[in-house]
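Try each one yourself before you read its solution.

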Amino acid sequence: MAALLTTSVGSFPKPDYLLKARSAFARGEISREQLAAEERRATEACIRLQERLGIDLLVHGEMERGDMTTYFAEQLEGFAISGLVRSYGNRYYRKPIVVGPIGRRRPMAVEAFTFAQSLTSRPVKGMLTGPYTMADWSFNDHYPNRRALVLRLAEVIHEEAVDLERAGARYIQIDEPAVSTRPEEIELAIEALGIVTRGLSAHTITHICYGHFETIYPRMLDLPVDQLDLEAANNDFAILELFRRHRPHKEIALGVVDVHSHRVEPVEEIKKGILAALEVLEPDQLYVDPDCGLKTRTWEEAEQKLANMVEAVRQVKAERGLE
Ligand SMILES: [Zn+2]
């Protein structure tokens, strides 16, 4: 069994040429096809960077996405998009509004996956936003209650997951960052994710962040996926204490570098986190990645954090005789 496989959560920083192209497209100065060409260029840069660093399980970098819920809501039937809404701190985004029955017009994440996978022989994750998070980050003006909305979204996202699998995705990640923010709804999140992953043979992953895992642990281990991808560095690895009390039986991808900080963690510091994790997890059960998507970092910071992460894993494997 492979030990300590390295990966990333999902998003990468958008290079300057892509930011410029997105603004030019918004102003109507370039065509959608011209924007798409710049997105493909950035996707290729992201794949080549990960290959060069020696990362095992790749991501396409989400160059075509602005916000992880709005990107899907804009493509689905039944959604309208609001004006700017304030989220955390001083960040603003356009919030989706459910105004009618939700349905899928066409595959939404397949093209980006297929292009990225065509560039490399290493596996690339198919990336989706989960039904619970899609619902929690939208206004509901149509369905009678949250449960009805979440379960409808689960059916639609399941269709997308099936299409990703048919397109060759061996790993499918369904991001559910909102799951840790409302512990009282963990049962609904589990039920919905079970609909999304129903019958899939691909390796399934869910990413959860914002850190308040103690409120949903150990019940969150019952989320019906093969792997939980969790933030840890930003919370000083407090989650390992939960693992110590109740050992997880599934794969854990653990965030070992903080994506909210400019500081590039030294190799020694990252190694300490990995070694602490190995006290409570088996080497073939533990994947190593950053806490969350890297889109808020600069390209250089992202590269340096990943390079130190890979080097830390290399040293731990050498010292422990792991392969
Ligand atoms: Zn996250």
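**Exercise 1.** Is Gln75 buried or exposed? Then describe its surroundings.

*Solution.* Keep in mind that this is a predicted model.
Step 1: locate the residue. Gln75 sits in the loop that joins helix 3 (70–73) to strand 2 (76–86).
Step 2: check its accessibility. Buried means under 20% relative accessible area; Gln75 has 14%, so Gln75 is buried.
Step 3: look for its neighbours. Leaving out residues up to four places away in sequence, Gln75 touches Arg105, Arg106, Pro107 and Met108.
Step 4: look at the side chain. One of its polar atoms is 3.3 Å from the backbone oxygen of Tyr71.

**Exercise 2.** Work out where Ser138 lies and what it touches.

*Solution.* Step 1: find the loop between helix 5 (131–136) and strand 5 (139–140); Ser138 is there.
Step 1: with a relative accessible area of 8%, Ser138 is buried.
Step 2: beyond residues up to four places away in sequence, Ser138 is in contact with Phe79, Lys95, Pro96 and Val98.
Step 3: a polar atom of the Ser138 side chain lies 2.6 Å from the backbone oxygen of Met134.
Step 4: now compare positions. Pro107 is 31 residues from Ser138 along the chain, and their C-alpha atoms are 21 Å apart.

**Exercise 3.** Which residues coordinate the zinc ion?

*Solution.* Step 1: list the donors: His207 (NE2), Cys209 (SG) and Cys292 (SG), at 2.1 to 2.2 Å.
Step 1: write their spacing in sequence, H-x1-C-x82-C.
Step 2: check accessibility. His207 is buried at 3%, and Cys209 is buried at 4%.

Technical notes: Residues are numbered from 1 along each chain as its sequence is written. This is a predicted model: local features need pLDDT of at least 70, side-chain atom pairs count only at pLDDT 80 or more; totals for chains, interfaces and linings use all residues. Side-chain values use heavy atoms; hydrogens and water are left out. Helices (H or I, at least four residues) and strands (E, at least two) are DSSP runs, numbered from the N terminus. Buried means under 20% relative accessible area, exposed over 50%, partly exposed in between (1.4 Å probe, protein chains only). A polar contact is a pair of N or O atoms within 3.5 Å; within protein, one must be able to donate a hydrogen and the other to accept it, and residues adjacent in sequence count only if both atoms are side-chain atoms. Contact means heavy atoms within 4.5 Å. Donors are N, O and S atoms within 2.8 Å of the metal (3.2 Å for Na, K and Ca); water is not among the atoms, so sites may look incomplete.
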